[in-house]
Amino acid sequence: MRTIDKRIAPPAKLAASLVARAPTLTLAYDARCKSRLAATLDTGEEVALVMPRGTVLADGDVLVADDGALVRVIAAPEAVLVVRAPDTLTLTRAAYHLGNRHTPVEIGVDYLKLEADPVLEAMLTRLGARVARETLPFHPETGAYGGGHRHGHDATFAEDYALAQQVFAQRHGHEHPHSHEHEHGHEHGHEHGHGHSDSHNHDHGHDSDHDHGHDSCGHCGHGHRHEH
């Protein structure tokens, strides 16, 4: 069984005739998100797809097998919902609520497209959007922080969410320019930044009451509970 383990970057210049002769691999969106997959080329040949973690294959991508042969990816038609609206505001609201549920969405000039889901279909209809069930290739947006398959329950979504929180913390100055050089049991004064210096000595017992209180957002305040 041949292994397909490389994708040729888009800038690569390949002869059109060479790509046209390459066997094709037709995959639905869920399969194009998998880094490890036993697949069957459209010629009937079984292959092993082994791509770097986080790879999302797109229609037209050219892959390379371990013997140097090329394979062209085709996005398979699948059951989708095509969402349109009578006005821009309604379509924007639909996009917002789908994004709030971490739903992969293909965004067009005047439409949204998502995997068929009766619950989301009902929600979109209540928002005033027009929803049509169709069978079409699906090309959703990739994640803003890398990767592409972004259901709220999968591992790659968790990685992107953590990265997003890290970026948020850095942009909000959470790199602690103030240096708490705490030597447990010492005395020091805090500059509170309100135009006065709290120079009375804090005798920190530095037990469990001195709580930095960091949570997963990387931005929540320190919440020092000083024992004065």
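Just after helix 4, Gly 128 takes a positive phi of about 100 degrees. Please bear in mind that this is a predicted model. I shall work back from that glycine into the helix itself.

Helix 4 covers residues 118–126.

Let us turn to the sides of the helix. Which residues of helix 4 are buried? They are Leu 120, Glu 121, Met 123 and Leu 124. Viewed down the axis of helix 4, these buried residues fall within an arc of 165 degrees, so they line one face of the helix. The face turned away from that buried side carries Pro 118, Val 119 and Arg 126, which are exposed.

What do the buried residues of helix 4 pack against? Their partners are helix 3 together with strand 7 (78–84), strand 9 (112–115) and strand 10 (130–136).

I shall end with helix 3. Two packed helices are described by the angle between their axes and the distance between the axes. For helix 3, residues 88–100, and helix 4, the axes come within 10 Å and cross at roughly 145 degrees. The crossing of helix 3 past helix 4 is right-handed. On the helix 3 side, Ala 94, His 97 and Leu 98 take part, and they meet Leu 120, Met 123 and Leu 124 of helix 4. Sorted by class, this contact comprises five nonpolar residues, one polar residue and no charged residues.

Technical notes
Residues are numbered from 1 along each chain as its sequence is written. This is a predicted model: local features need pLDDT of at least 70, side-chain atom pairs count only at pLDDT 80 or more; totals for chains, interfaces and linings use all residues. Side-chain values use heavy atoms; hydrogens and water are left out. Axes are lines fitted to C-alpha atoms, for helices over the stretch in contact, and angles run from 0 to 180 degrees between N-to-C directions. Helices (H or I, at least four residues) and strands (E, at least two) are DSSP runs, numbered from the N terminus. A crossing is left-handed if the near helix is turned anticlockwise from the far one by less than a right angle, and right-handed if clockwise. Contact means heavy atoms within 4.5 Å. Ala, Val, Leu, Ile, Met, Phe, Trp, Tyr, Cys and Pro count as nonpolar, Asp, Glu, Lys and Arg as charged, and the others, Gly among them, as polar. Buried means under 20% relative accessible area, exposed over 50%, partly exposed in between (1.4 Å probe, protein chains only). The arc is that of the directions from the helix axis to the C-beta atoms.
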